[in-house]
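Dear colleague,

I am handing over the structure below, and my notes on it follow directly after. Please read them with the model open beside you.

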Amino acid sequence: MAQRILLINGPNLNLLGTREPQIYGSTTLNDVVTQAQTQAAGLSIQIEAFQSNHEGAIVDKIQAARGNKDGIIINPGAFTHTSVAIRDALLGVGIPFVEVHVSNVHAREQWRRHSYLSDKAEAVICGLGVFGYTAAIDFAAKHMKVKNVSPKL
Ligand SMILES: O=C1C[C@@](O)(C(=O)O)C[C@@H](O)[C@@H]1O
């Protein structure tokens, strides 16, 4: 069975491509998702993409992934630095996740260095620009193995 990956983008990432392009580049979120779907087809995995500016909507989406997704790739945006709720949701569903940041959060404001997710992530990618999503998908395809496969009768 193909891996089923949920790609989550948090607040303000809908503005990717036009938002602070000197930091985040000129690629739009639509471009990222189109590229992710093309990449997924070549890797025989399935990707569902979701973006929200709302913390609760992201928590709901993570909870809904229980039992039907094998891995989560998440760029939590500013919620990275604030959200115990997103951390608890990811731990609550027990789905392995990769944390992605387009920018190098360690080369910016001091407070961006703290993440509520990183110590629980399978991997953390930052500073690769939007290539970080490509790297995360490649990693997910190779290492986020399908779990809960029904035993053969
Ligand atoms: O919204 C974002 C985007 C970000 O997650 C990134 O992709 O580099 C980094 C965060 O600090 C910021 O709040």
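How many Å separate an oxygen atom of the ligand from an N or O atom in the side chain of His101? The distance is 2.8 Å, which falls within the limit for a polar contact (a pair of N or O atoms within 3.5 Å; within protein, one must be able to donate a hydrogen and the other to accept it, and residues adjacent in sequence count only if both atoms are side-chain atoms). Taken alone, the ligand exposes 320 Å², and the protein buries 99% of that (Shrake-Rupley areas with a 1.4 Å probe; for residues, only the protein chains shown count as cover).

Before the rest, two remarks on how to read the values. This is a predicted model, in which local features need pLDDT of at least 70 and side-chain atom pairs count only at pLDDT 80 or more, while totals for chains, interfaces and linings use all residues. Residues are numbered from 1 along each chain as its sequence is written, and side-chain values use heavy atoms, with hydrogens and water left out.

Ligand oxygen atoms also lie 2.8 Å from an N or O atom in the side chain of Asn75 and 2.6 Å from one in the side chain of Ser103. The residues around the ligand (a heavy atom within 4 Å) include Arg19, Tyr24, His81, Val105 and Arg112, and the shell divides into 4 nonpolar, 5 polar and 2 charged residues (Ala, Val, Leu, Ile, Met, Phe, Trp, Tyr, Cys and Pro count as nonpolar, Asp, Glu, Lys and Arg as charged, the others, Gly among them, as polar).

An unreviewed UniProt entry places the feature "active site" at Tyr24 and His101; such annotations may be inferred rather than shown by experiment. These positions span 78 residues in sequence, yet no two of their C-alpha atoms are more than 9.5 Å apart, so they gather at one spot.

His101 lies in strand β4 (residues 97-101), and Tyr24 in helix α1 (residues 21-24) (DSSP runs numbered from the N terminus: helices H or I of at least four residues, strands E of at least two). Both are buried, His101 at 6% relative accessibility and Tyr24 at 8% (buried is under 20%, exposed over 50%, partly exposed in between; 1.4 Å probe, protein chains only). A polar contact of 2.6 Å joins the side chains of His101 and Glu99. Leaving aside neighbours within four places in sequence, Tyr24 is in contact (heavy atoms within 4.5 Å) with residues including Arg19, Ser103 and Arg112.
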